[in-house]
Amino acid sequence: MADVDAREKLEGFSLLDPMTQSDPFAMYEAMQDAPGIYRMPETGFYIVSRYADLRAVLTDPVTFSNKVDRASLQGPENAAKLREYMEAKGWPHIATLQRTDAPDHARYRRLVDRVFTVGRVREMTPHIEEVAHALIDGFIDRGECEFISEYAMLLPGTILAEEMGLPAGQVATFKKWADSMLAPASYVMDEEALLRNADIELEAQHHLGRLFDERRANPTGDWISALVTAQRDGEDPLTMAELQSVMSQLIGGGFESTMTSIGHALMQLLNHPDQMAKLREEPKRMKGFVEEVIRFESPTQGLRRRTTRDVELSGTLIPEGSVVIVRYGAANRDAAKFACPHMFDMERGNAGTHLAFGAGTHFCVGAVLARQEIAIGTQAILDRLEDIQLARPLVEPIHRANFLTLPLRELPIRFRAKAR
């Protein structure tokens with residue numbers, strides 16, 4: 001009877017519905033209660049939602065390949081048109097890094113790991129703190145701000161824009177480019193909208209192309225310099241198309257997800273003033289708080305895989321060549337792994353076992369930087385502001401429509417400046 005009830009509940013949901021995308025957790029729970037693996041009727045994608053199943057997929061890249069067209073959500077015809085358009089006017093979306101399997105993945109990962117080291121992030125920490133406090137200086141005297149656009153977006157955006165050779169004042173341009181890179185995987189578009197979006201990404205590509213050439217000739221200390229000079233002896237340097245592909249993934253993963261988590265961090269503190277007070281009193285709890293934020297509202301709700309053979313998962317036969325969506329946001333609210341999964345608790349003992357950054361060889365290369373930016377960004381707010389409240393109720397749906405991520409539309413707040 002429970003299986004029948006779960007199936008009936010699922011019939012009332014769609015992962016393409018903006019309201020469900022904004023608050024997908026009831027649908028996730030119904031998926032986990034139903035037998036087998038849920039198959040989206042709109043796309044044919046198989047949605048993996050249970051923690052144990054997700055780990056099985058993420059740690060078996062031979063069966064569940066990362067080689068998936070990033071525009072598969074657009075359907076095969078429009079995805080093909082997008083590929084042709086990008087190749088004719090810029091550089092094609094070739095497979096690198098997160099979109100490759102062994103042995104190719106190891107080469108890209110080695111190169112990128114030399115850029116995103118713990119030591120490099122440690123060196124960046126004082127500058128991240130400076131940027132956070134400079135942003136707060138810009139709105140603190142007003143006693144209010146729109147937190148997403150004035151802080152959560154600008155903190156990681158400024159850091160990434162600087163590493164891309166853009167002045168700090170051009171973060172809006174950077175965000176426009178980042179949004180265009182993520183769009184084909186995030187929501188369904190018609191051909192006209194798809195190509196209009198491609199024109200924005202092409203603008204970013206040509207900027208990056210000039211920058212790659214400049215940094216190869218005259219390296220500085222930024223990420224792009226490190227990428228274009230990162231090859232080992234005997235290895236070929238990354239081609240322009242490879243550099244474009246790697247950089248688009250670093251931008252997509254390093255910007256949207258961190259912006260989203262900084263926004264969710266403050267929203268959870270507003271929803272749980274007792275935990276905000278405790279975090280103020282005991283800053284040492286910041287690490288656990290950050291992990292719980294990432295678990296509770298995973299910024300990347302899911303990514304794609306493709307089956308290389310017929311495979312059975314939780315009693316469901318998934319045919320070779322199928323698109324499988326590993327739904328991190330669902331696994332991180334799985335009651336079989338996390339007690340009271342829909343309760344936010346910064347003291348949760350196993351919050352750090354979440355899968356928001358993936359698992360196995362494709363574990364997120366920017367996880368250290370993301371955690372640092374979320375922690376620094378949250379601590380700066382607690383150090384500078386008090387009596388923080390929502391300035392007005394949020395309008396539903398509170399998140400922007402998106403198939404893969406969970407970005408807040410806005411977070412208007414009012415506050416008092418703390419005496420310094």
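In this predicted model, Glu 256 and Arg 400 are joined by a salt bridge in which the closest N and O atoms lie 3.5 Å apart. This pair connects distant parts of the chain, since Glu 256 belongs to helix H13 (residues 240-271) while Arg 400 sits in the loop between strand S9 (385-390) and strand S10 (412-417), 144 residues apart.

Glu 292 is part of helix H15 (residues 286-296) and Arg 348 is found in the loop between helix H16 (328-331) and helix H17 (367-384), so that the contact ties together parts of the chain separated by 56 residues in sequence. Glu 292 has a relative accessible area of 0% and is buried, and Arg 348, at 11% relative accessibility, counts as buried too.

Arg 109 is buried, because its relative accessible area of 16% falls under the 20% cut-off; Asp 113, with a relative accessible area of 34%, is partly exposed. Beyond such pairs, a network of salt bridges links Lys 278, Glu 282, Arg 285 and Glu 347. The count of salt bridges in the model comes to 23.

Turning to the strands, an open sheet of 5 strands is present, with mixed pairing and the order S1-S2-S8-S5-S3. Strand S1 (38-39) and strand S3 (64-65) stand at the edges of this sheet, and because each has a single partner strand, one side of each is left without a neighbour in the sheet. Strand S2 (residues 46-48) and strand S8 (residues 323-326) run parallel and are joined by 3 bridges. In this pairing, Tyr 46 stands opposite Val 324 in S8.

Pockets were also examined. The largest pocket has a volume of about 190 Å³, and its lining consists of 14 residues, of which Val 68, Asp 69, Arg 70, His 93 and Ile 94 lie nearest the centre. Sorted by class, the lining of the largest pocket comprises 7 nonpolar, 2 polar and 5 charged residues.

For the second largest pocket, the volume is about 150 Å³. A set of 13 residues lines the second largest pocket, and those nearest its centre are Glu 29, Gln 32, Asp 33, Asp 334 and Ala 335. Helix H3 (residues 25-33) gives the most to this lining, contributing 5 residues. By class, the residues lining the second largest pocket divide into 6 nonpolar, 2 polar and 5 charged.

Methods:
Residues numbered from 1 in each chain as written. Predicted model: local features only at pLDDT ≥ 70, side-chain atom pairs only at ≥ 80, totals over all residues. Heavy atoms only, no water. Pairing = 2+ DSSP bridges. Helix = DSSP H or I, 4+ residues; strand = E, 2+ residues; numbered from the N terminus. 1 Å grid on protein atoms, 1.4 Å probe; cavity = no way out; pocket = protein on both sides within 12 Å on 5 of 7 lines; lining within 4 Å. Points joined across faces, edges and corners; volume = space filled by probe spheres on them. Nonpolar A, V, L, I, M, F, W, Y, C, P; charged D, E, K, R; others polar. Salt bridge = Lys/Arg side-chain N within 4 Å of Asp/Glu carboxyl O. Buried < 20%, exposed > 50% of the residue type's maximum accessible area, 1.4 Å probe, protein only.
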